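Please open the model in a viewer and keep the sequence at hand.

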Amino acid sequence: MDISIAIKEIRIKSLLSQNDFANAVGVSFSTVNRWEKGHAAPNYKALKKIREFCHTNHIDFDVDRLISENK
């Protein structure tokens, strides 16, 4: 699965706007927008925050699988 799709699915499952999700993981709205459109990918620090967000909200997020699939 593409990381952009995974991020959008996480956000939708959480019933959050891009702005609210951005605030939850400590990035800007435009950053989340670029991730979801596939124009950028989260760096290591952002991936850790997304993983923590998913863990807290009981959402499956396999970072290792996504990274290996997107190499």
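Which residues in α4 are buried? The model is predicted, so local features need pLDDT of at least 70 and side-chain atom pairs count only at pLDDT 80 or more, while totals for chains, interfaces and linings use all residues. Residues are numbered from 1 along each chain as its sequence is written, and side-chain values use heavy atoms, with hydrogens and water left out.

Select Ala46, Leu47, Ile50, Phe53 and Cys54: these residues of α4 are buried (under 20% relative accessible area, with exposed over 50% and partly exposed in between; 1.4 Å probe, protein chains only). They lie on the same side of α4, because they cover an arc of only 120° around the axis (taken from the directions from the helix axis to the C-beta atoms). Helices are DSSP runs of H or I with at least four residues, numbered from the N terminus.

At the start of α4, select Asn43: one of its side-chain oxygens comes to within 3.2 Å of the backbone nitrogen of Lys45. Just after α4, His58 has a positive phi of about 55°.

Finally, select Phe21 and Phe53, both buried. Their ring centres are 5.3 Å apart and the planes stand at 90°, so the pair is edge-to-face (centres within 6.5 Å; planes under 30 degrees apart are stacked, over 60 edge-to-face and the rest tilted). Phe21 belongs to helix α2 (residues 18–25) and Phe53 to helix α4 (residues 44–56), so the pair ties together parts that are 32 residues apart in sequence.

Note on methods
Phe/Tyr/Trp six-rings, centres within 6.5 Å; stacked < 30°, edge-to-face > 60°. Helix = DSSP H or I, 4+ residues; strand = E, 2+ residues; numbered from the N terminus. Polar contact = N/O pair within 3.5 Å; in protein donor to acceptor, adjacent residues only side chain to side chain.
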